[in-house]
Amino acid sequence: MTQKYHQEKMQWPYFSETEMSDLIVFLYSLNYLDKPGDAANGAKIFSQKRCIECHFKTGEEKQKLLEAMKAINTTQFAAELWNHTSAMEAAMVTQGVPWPEMTGAQLRDVLAFLQKQ
């Protein structure tokens, strides 16, 4: 998504608190009956997509992330990921890491993995 914004020379959108809430509620409602994620598959994805290289780099970073994920729901997870993309892109460019494209099911699996830790 960020690549497409750069290609089209578009500004990254920023949402007010109410706009983001409305969008998240709408998106969440589309998949209200989604199955829960698969934690074992999420562990593999987290490693394969190289998320582990930054987010579990130190014990302190790992604990910080796992603590933040304990009580988060899928809607909050989507909002956190959205807000994290600019920092993530900067780190990935610096480190030469490709963008980790994931499906909705893969994201649910990653969240299940993080919450199971």
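Me: Why are helix 6 and helix 7 called roughly perpendicular to each other?

Reply: In this predicted model, the axes of helix 6 (residues 74-95) and helix 7 (residues 104-116) cross at roughly 105 degrees. Angles of 65 to 115 degrees count as roughly perpendicular, and therefore helix 6 and helix 7 get that description. Their axes come within 11 Å.

Me: Which residues meet where helix 6 and helix 7 are in contact?

Reply: On the helix 6 side they are T74, F77 and L81, and these meet L107, V110 and L111 of helix 7.

Me: What makes up the contact of helix 6 with helix 7, in terms of nonpolar, polar and charged residues?

Reply: Five of its residues are nonpolar, one is polar and no residue is charged. Phe, Leu and Val count as nonpolar.

Me: Let's turn to the loops. Why does K9 count as exposed?

Reply: Exposed means over 50% relative accessible area. K9 has 75% relative accessibility, so K9 counts as exposed. You will find K9 in the loop between helix 1 (2-7) and helix 2 (17-30).

Me: What makes the phi of K9 worth a look?

Reply: Most residues other than glycine have a negative phi. K9 is not a glycine, yet its phi is positive, near 55 degrees. R50 is not a glycine either, and has a positive phi of about 70 degrees.

How values were computed
Residues are numbered from 1 along each chain as its sequence is written. This is a predicted model: local features need pLDDT of at least 70, side-chain atom pairs count only at pLDDT 80 or more; totals for chains, interfaces and linings use all residues. Side-chain values use heavy atoms; hydrogens and water are left out. Axes are lines fitted to C-alpha atoms, for helices over the stretch in contact, and angles run from 0 to 180 degrees between N-to-C directions. Helices (H or I, at least four residues) and strands (E, at least two) are DSSP runs, numbered from the N terminus. Angles under 35 degrees count as roughly parallel, over 145 as roughly antiparallel, 65 to 115 as roughly perpendicular and the rest as oblique. Contact means heavy atoms within 4.5 Å. Buried means under 20% relative accessible area, exposed over 50%, partly exposed in between (1.4 Å probe, protein chains only).
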